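I opened my notebook to work through this structure one look-up at a time. Here is what I wrote down.

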Amino acid sequence: MDLNHLHLDVDRTIITAQPGQNVLEACLSAKLDLPYFCWHPALGAVGACRQCAVKLFNGPEDHTGTIVMACMTPVTPGMRLSITDPATAQFRDRVIEFVLTNHPHDCPVCEVGGECHLQDMTALVKHTERRYRFTKRTHLNQDLGPFIRHEMNRCIGCYRCVRFYRDYAGGDDFGVFGANRNIYFGRATPSTLDSEFAGNLVEVCPTGVFVDKPFATRFRRKWDMRATPSICPHCAVGCNITVQEREGEFRRVVNRYNAALNGYFLCDRGRFGVDFIRSPARRRTSAQRDAQGTETPLDIAAATAALAEPLQTNNVIGIGSPRASLEANAALRLLVGPAHFYAGVSDHDADIIATAITILRDAAVPIATPADAAQADAVLILGEDPSDIAPILALSLRQSAQRATSEALAIRQIPVWNDSAARRSAAGSPTPLIIATPMSTRLDDCATACLRPAPTALLTLAATIKAQLEHPSAADPTAIAAILCCASAPVIVVGGDSALMRAAANIVTTLRRIGIAARLSILLPEANSLGLGLFGAPPLSAALAAIQTGSAPHVIVLENDLHRRSETGPLEHAFSHIASLSVLDCIETPTTATADLAIAVGSFADANGTIVNQEGRAQRSFKAIFGADDPAPSWHILRNAGIAAGRLEATAWAGHRDLIEAMAANLPDLAACRILWPHTYEGDMQRPPTLPHRYSGRTAVNAASHVREPQPFANPDSPLGPTMEGTMPRTGLMPHVWSPGWNSVQANLKFPSAAEPGVMLFPASTRIPAELPLPHPPSPTPGILALPIRRVFGSEELSNLAPAVASRVGSPILRLNPADAATRGLSAGTMVDCTIGTTTVRRSIALDPTMAAGVAGLTIGVQGEANPPLPGSLTITASHPGEPS
Amino acid sequence: MFIISAIRTLWLTFLHLFHKTETVQYPEQKPYLAPRYRGRIVLTRDPDGEERCVSCYLCAAVCPCDCISLQKSAAPDQWTPEHFRINFSRCIFCGFCEEACPTSAIQLIPDFEMSEISRQSLVYEKEHLLIAGTGKVPDYNFYRIAGVATPGKPKGAALNESPPVDPRGLLP
C-alpha cells in the first residue's frame, strides 16, 4: 500500500487522494463531477460560493451526515462522503438557482458561451427552470483597455477576478465595490488595467464578464477552432500556449498548462502579442530589389531559385537569429558552413548568452524553473527587473514573496490551499525577497529589502555575499548572506551583465557547498537566445568584420532585423562591401527593406520548430495555422535553395526529423532535441487531432469558391494530425483539453498529467557545481552609464506588431536619479537627445528617486528605431523639437 | 414454398391494376405542405426589421452534415453575421438548426423546389437566405431580452431588468 495516498469513500467508491488536498481537489482529480465556482487550483479555496457542497458522514454508522463545503474540508484517511446524496444535490441546485437570478439572457451573444464554467456547472446540477419572477440587477460596463472587454451584468460574484488580480498578481487598480446583491468588480475609474497579467481574467472568470477583446473581433466558438500546442515566442521563459486558428486565420492564444513554467497563467505580451501574425507588417510575398530600388514580386519558386544563386558560391555569410527556431538556424549553418555562420546578436547579448551557457552546461549550476521560484523560501534578484523581461517568472517570484512559510502554516494548522487564512499568516512573516538592481523594479512592492547599487557596486555586493557565505564571521551589513543561509531552497535571479551572472552562479555554488539547495535563474533577452548560443557562433560584429574583408560577398540573414542589433554606421559600412543581401523574414523590417532579395517565410505558428528557453529547456511548437497560401518555413526554403544550388547535403534533410538528426550530429549540445519527437504517434490515424470533434461547417466553409470539398491538409512533419481523425492521448501532448461536461478551461483539472515538459538539454546533476572565474572589474564609465530598460509592452520586436499590444506601448523614457537630473538642469517630462556611441535617440525624462547615482535607464526596443549599444556611456543634450532625432 | 410465394406476389401485383391511382401530376398539381414542413432554410428578421441572426454558431454546431458556415462580424455590441452560407447540396433538411437557433432566426419553410443543374448554385449566401419578415415567430426580438447593451437599448432597458446599480452606494 502506498503510504503517500489516502483512500476516500465517495458514494461507496474508493478514490485515492494526496495528503494535504481538499476534498474538492481529490474528487476532481479522481474524475468525479462536483460543481464549484470560487475554487481555482492556483488561487486556492475560500469557500465563498457554497457550490461544492457534499455530505460528510462521521463513520460507518452515521446515516444522517453533515453538509460541508468540499473545498474547505481537508482529506482525512477513511473519510466517507456522498456527492449524490439528495439533500446535497438540492443544496447545490438552490445555490446555482440563486446565482442565476441575475444572470442575463446573453449566452448566444457571449464570447464565452460554449466554454463557460457557469454553463457547465448549470448543466451538471441539472438546473433548468427559472422560478425567480423579479427583475435582474444590471451594471454599467467599464472600458478596461485594448485587451479586455467588461460585461459586468454576467457576474456571479465568485471573487476569483479580484483574488487573481490583487492577491495573486499584485495589481492594485482593480477591486470590488458595492454591497450585497450590487457588488461590482472593476476599477475606480474606467481606464486600462495596469497589470500585465490582466488577460488571465478571461480564463479565471467562470463566466463571460471579462472577454478577450482582439479575439472578439474575429470571434469563433471554441469547438470551431483548430488548437495547436505551441511555445510563446515573446520571451525566454518559453511559456506553453495553445494557438487557435480557423480558416487559415489566427484567432487567439490560450494558456496551456505546464506545471514547471507558466502553470495556469500567461502574461499579456504572450496572450495578445501573437496577434502579430495578422499584422499588416507581416511580409507575405517575396521580392527582389534591383540597384534602383524597384521591387519585383517573386513567387516562392523564383525566390528559392534567387536564393540558390549566392549558395552556389562557397562564400556566403549566414547570420542567424534568436527569434528563429533551432531548425531554421541549423539549416542555415549547415548550408553556409560553421565558419561562415554568425549569431545575429549584439556583442553584449552574445556575452550574456555565452556566460549563461558556461553556467548551465560547463559549471552545471542548478537552474530554477518558475515553479521552483514560486516555492523558494528566499529570493535574491540581481541586476535586472524580471517583471519586464520574464513576466511569468516575476509572477512566480511574487508568489514566493506573498506565500506564508510552511512553518508558519504548520504552527497554525492551516492547509496551503486555504487561501484567505494562508495569506493572513503570511502577513506577519514575509518570505525574504531582496532586490538589488540599479533601477526600481515592479516587484519592489512585495520585496523585504530593495538595494539600488550601481553596476560596479552590484558586482562588489555579489562578491561580498559570497565571501560572507564562506566566512560567516565577516561583516554582513546587508544581512543578505544570513538570509540565504537560513533558507532551504533559495533562488537567485540574475541578468543584464555577464560578470554579475558569474558572481551569482558562484553564490549558488557556495550555497550548494554548505548544503543549501539554492538555484539560479538567468534572464535572457529573447525566446531562442540560448538555443542560438549553443551553435557557438560569433556575434554580429564578427560577421560585419568578416564582410569587410571582402572574402564572402554574399550575406543571408535569417529572421533578424540587424538594425536592432548593431549601430547603423558599421552596419551600412559593412553592407556597402557586399554583392548581395538576402533576408528571410516573416515580418517587414528595415533589414528586409534594404535587402536585394527579401523572402517571406512562415512565422513560428506556420512551422514546426524547437526553441530553447532560458533554463535550457528545449520545447517544440507545431504548425498551427493552415491556410491556402501559407508562407513556407525558413528551413524549407533554405533546403530547397540548397538543393537548387547543387548542395547535396541539403537533400539529406527532406523532413523535419532528418534536419533534427543532422543538427544533432553536428551539435552534440542539441542532441537531446531528438527525443522531443514523440515516436508513439507514427501513422496518421493515431496522431492526436488538432481539430475538435465538433468542428463545424466543413462542407460549407470553402463552398463560396467551390462547392467540392478540398482534400484535408497534410502535415507529415508533425506528431499532430491536421484533421479530426486520430486518438486523443490522456497525457502528454494534448491539443484539446476537454472532458464530457467540462467545456471550459477548467477541464484541465481532469488531466493532471497533461503537461508537456520539454527536454532539459542540461539535466540537473547532484554534484556541487564548479566555481567560475570572475573577469577583471570593468573600468569605470566616464559620465553617466546608460542601462537598458526593457518593457513588457514595446521592447519585444514581434509583439510590438500586434495592434492591441502596440496601443499599450508608452512613450520611451530616460530614467534618471533626481540629483543627476538636477545637476544637468533637467526635469521630468523634458525631451532630450541621448547619445551612446554613435547612436542618438530621443527620450523623455522620468525621475526615479531610488535609482543609483551616475546610472540612467534608457528604454530600448522602440519600434522603428536602432537600438543604442547598451550598456554604455551616455551623453545627454537638450532636444530641439521638430528636428529629427 | 417458393412457388407459392411467387404466385402470391404476382397476384398482388395484378390486383394493383384495379386500385385507385396515387400519382400526383406534379408540378401542375402541388401537394399540401404543412407550415411546419421542413424545406428550404431562410433567415428571418425581427419585428423591427433587423436581422435576427446573432451569429452564435449554434446552427453550424448542431448541423449533422456541417453544411452551415458563418462568421461573426467585428462589431462588438450587436452581433451579426459577416457571412452566412448554407451548402444546400449537403443539407438534409433535418431542422436541427431551427431547433438550435436561440433567436428564431433560422427557419425551415415548406418550399422544397430547389433543383439546380450545378451543385455550385445550391450554395446560398446570406443575401439569398434573408427574407423580409419574421417567419413563423412573429413577436420575438432577442435583443429586447438579452442583457447586452445595443444601439438604442442601454443597460437595464431590457425586459425584466432593473436600472443599472450605483456600485458606490451601500444601501440594500
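First, a term I needed: a strand here is a DSSP run of at least two E residues, and strands are numbered from the N terminus. I also noted that this is a predicted model.

**Entry 1: cis peptide bonds.** I began with Pro871(A), which sits in the loop between strand S33 (855–859) and strand S34 (872–878) of chain A. Then I went over to chain B. There, the peptide bond from Tyr26(B) to Pro27(B) is cis too, with omega near 5 degrees. Where is Pro27(B) found? I traced it to the loop between helix H1 (2–15) and strand S1 (41–43) of chain B. I wrote these bonds down because most peptide bonds are trans.

**Entry 2: positive phi.** Next I looked at phi angles, since most residues other than glycine have a negative one. Asp11(A) is not a glycine, yet its phi is positive, about 50 degrees. I found Asp11(A) in the loop between strand S1 (6–10) and strand S2 (13–17) of chain A. Is Asp11(A) buried, exposed or partly exposed? It has 14 C-beta neighbours inside 10 Å, so it counts as partly exposed. To be buried it would need 20 or more, and to be exposed 12 or fewer.

In chain B I looked up Asn160(B), also not a glycine, with a positive phi of about 60 degrees. Asn160(B) is placed in the loop between helix H4 (126–129) and strand S6 (161–164) of chain B. I got 13 C-beta neighbours inside 10 Å for Asn160(B), so this residue counts as partly exposed.

**Entry 3: chain A as a whole.** How many helices and strands are in chain A? I got 27 helices and 34 strands. Along the principal axes, its C-alpha atoms fill a box of roughly 90 × 80 × 60 Å. Of the 885 residues in chain A, 55% are buried. I checked contacts as well: among those in chain A with a separation of 6 or more, 73% join residues 24 or more positions apart.

**Entry 4: an annotated stretch.** Last, I looked at what UniProt says. An unreviewed entry there puts "domain: 4Fe-4S His(Cys)3-ligated-type" on residues 87–126 of chain A. In the model, residues 87–126 of chain A are 55% helix and 0% strand. The end C-alpha atoms of that stretch are 15 Å apart.

Definitions and conventions. Residues numbered from 1 in each chain as written. Chains lettered and ligands numbered in written order. Predicted model: local features only at pLDDT ≥ 70, side-chain atom pairs only at ≥ 80, totals over all residues. Helix = DSSP H or I, 4+ residues; strand = E, 2+ residues; numbered from the N terminus. Contact = placed C-beta atoms within 7 Å. UniProt positions renumbered as here; feature names shortened; annotations may be inferred.
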